[in-house]
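Trainee: Could you walk me through reading aromatic rings in a model? I'd like the general idea and then the case at hand.

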Amino acid sequence: MENNTFGGRLKALRISKRLTQENFANLFYLNKSSISKYEKDKNLPENLLLVKIADYFEVSVDYLLCRTDQPKLLPGNPQPPTCQEFLETYIFSDEEKDAF
């Protein structure tokens, strides 16, 4: 499985830690079938669990969700931008502009 889906990245990270699906499931009080569904991209974990998985593997949630190919935040930018910084750099679509 390629690492361009949540399931592919989760599986690659799990294997890199030499964990079986069952071992990994036990860490988060899940059953093996839940992990299998995540890895086959049939389900996504709830937000809180997604954060815990990212923390366990020391990667960003954005990496798990394929929003970036960089597993961790840049050392020179350890914090995400503030709301103000985000709004100053975000390029709004016409629909979003009309909503404001």
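This is a predicted model: local features need pLDDT of at least 70, side-chain atom pairs count only at pLDDT 80 or more; totals for chains, interfaces and linings use all residues.

Trainee: Which residue lies over the face of Tyr 63?

Mentor: That's Arg 9, at 4.2 Å from the ring centre.

Trainee: Now ring against ring. How many aromatic pairs are there?

Mentor: The count is 6 aromatic pairs. Take Phe 24 and Phe 28: their centres are 5.2 Å apart with 65° between the planes, and because an angle over 60 counts as edge-to-face, that's the label for this pair. Both Phe 24 and Phe 28 are buried.

Trainee: And how do Phe 24 and Tyr 56 pair up?

Mentor: Phe 24 and Tyr 56 are tilted, with 55° between the planes and 6.3 Å centre to centre. Phe 24 belongs to helix H2 (residues 21–27) and Tyr 56 to helix H4 (residues 47–57), so this pair ties together parts 32 residues apart in sequence.

Trainee: Is Tyr 56 buried, exposed or partly exposed?

Mentor: Tyr 56 has 29% relative accessibility, so it counts as partly exposed. Phe 24, on the other hand, has a relative accessible area of 0%, which means it's buried.

Trainee: Which residues do ring pairs link into a cluster?

Mentor: Phe 24, Phe 28, Tyr 56 and Phe 57.

How values were computed
Residues are numbered from 1 along each chain as its sequence is written. Side-chain values use heavy atoms; hydrogens and water are left out. Rings of Phe, Tyr and Trp (its six-membered ring) pair if their centres lie within 6.5 Å; planes under 30 degrees apart count as stacked, over 60 as edge-to-face and the rest as tilted. Buried means under 20% relative accessible area, exposed over 50%, partly exposed in between (1.4 Å probe, protein chains only). Helices (H or I, at least four residues) and strands (E, at least two) are DSSP runs, numbered from the N terminus. A charge sits over a ring if NZ of Lys or CZ of Arg is within 6 Å of the ring centre and within 35 degrees of the ring normal.
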